[in-house]
Amino acid sequence: MVDLIFVVRAADARDWHAENLRAHAEHYAGLLRWLGPGAITSLQDCGPGLYYNTKVAVPTLGGGSVEAKYGVMDDEAFLRDLRDWDSLYVAGRLHKPCVIEFPGVDEELRASFEVAIAANRRGG
């Protein structure tokens, strides 16, 4: 199973879920579809600041699909965990193989991520 994390701007998290609900309502549990993007965003703010959709078929370039789960985390929670190890969720994920993409990301986020990667390689 492929594991993805989408980091969205905190101010845009509700809009991200609203758009994703319109495009992929089947990714969300029935109750959350009914409650809507505000409830999903509130749930996302609990714990490590991450909401996951699981067992999602993601299309591949070859025309098939792979099973995936994807999490949505706002940039403030992401940076907080990278800098302060607030929940250790992101820091823990960096101990697994990962592919990192930074399209359209600000330099603060990229720099914090690179510092965390270097710290993980050193063991702390």
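The entries below go from the overall layout to single residues.

**Entry 1: the ground rules.** I am working with a predicted model, and I kept local features to residues with a pLDDT of at least 70.

**Entry 2: layout.** I began with the secondary structure and found 6 helices and 3 strands. Read from the N terminus, the order is β-α-α-α-β-β-α-α-α. I then looked at burial: 35% of the 124 residues count as buried. The accessible surface comes to about 7700 Å², and carbon and sulfur atoms hold 55% of that. I also checked how far along the chain the contacts reach. Taking contacts between residues at least 6 apart in sequence, I found that 55% join residues at least 24 apart.

**Entry 3: aromatic rings.** How many aromatic pairs does a search of the whole structure find? I got 5. I opened the pair of Phe6 and Tyr70, where the ring centres are 5.6 Å apart and the planes stand at 75 degrees; an angle over 60 counts as edge-to-face, so that is the label I wrote down. Phe6 belongs to strand 1 (residues 2-8) and Tyr70 to strand 3 (residues 65-74), so this pair ties together parts that are 64 residues apart in sequence. Phe6 is partly exposed at 35% relative accessibility, whereas Tyr70 is buried at 5%. Trp16 joins them too, as ring pairs link Phe6, Trp16 and Tyr70 into a cluster.

While looking at rings I also noted a charge: Lys69 lies over the face of Tyr52, 5.4 Å from the ring centre.

I stayed with Met73 for a moment and listed its contacts, leaving out residues up to four places away in sequence. Among them are Ile5, Phe6, Val7 and Val8, along with Gln44, Pro48, Gly49 and Leu50.

**Entry 4: helix 4.** This helix covers residues 75-84, and its buried residues are Asp75, Ala77, Phe78, Leu79, Asp81 and Leu82.

At the N-terminal end I found a cap: a side-chain oxygen of Asp74 lies 2.9 Å from the backbone nitrogen of Glu76. Just after the helix, Trp85 takes a positive phi of about 50 degrees.

**Entry 5: Asp75.** Is Asp75 buried or exposed? At 13% relative accessibility it falls under 20%, so Asp75 counts as buried. What does its side chain reach? I found the backbone nitrogen of Ala10 at 2.8 Å. Setting aside neighbours within four places in sequence, Asp75 is in contact with Val7, Val8, Arg9 and Ala10.

**Entry 6: Arg80.** Arg80 is also in helix 4, and at 37% relative accessibility it counts as partly exposed. Its side chain makes a polar contact with the side chain of Asp86 at 3.4 Å. Beyond its neighbours within four places in sequence, Arg80 is in contact with Trp85 and Asp86. I also took a C-alpha distance here: Arg80 and Ser112, 32 residues apart along the chain, are separated by 9.5 Å.

**Entry 7: positive phi.** Having noted Trp85, I looked up two further residues. Lys55 has a positive phi of about 50 degrees although it is not a glycine. Lys55 is in strand 2, and its 64% relative accessibility makes it exposed. Leu88 has a phi near 65 degrees, again positive in a residue other than glycine. I found Leu88 in the loop between helix 4 and helix 5 (89-93), where it is partly exposed at 44% relative accessibility.

Notes. Residues are numbered from 1 along each chain as its sequence is written. This is a predicted model: local features need pLDDT of at least 70, side-chain atom pairs count only at pLDDT 80 or more; totals for chains, interfaces and linings use all residues. Side-chain values use heavy atoms; hydrogens and water are left out. Rings of Phe, Tyr and Trp (its six-membered ring) pair if their centres lie within 6.5 Å; planes under 30 degrees apart count as stacked, over 60 as edge-to-face and the rest as tilted. Helices (H or I, at least four residues) and strands (E, at least two) are DSSP runs, numbered from the N terminus. Buried means under 20% relative accessible area, exposed over 50%, partly exposed in between (1.4 Å probe, protein chains only). A charge sits over a ring if NZ of Lys or CZ of Arg is within 6 Å of the ring centre and within 35 degrees of the ring normal. Contact means heavy atoms within 4.5 Å. Accessible areas come from the Shrake-Rupley method with a 1.4 Å probe; for residues, only the protein chains shown count as cover. A polar contact is a pair of N or O atoms within 3.5 Å; within protein, one must be able to donate a hydrogen and the other to accept it, and residues adjacent in sequence count only if both atoms are side-chain atoms.
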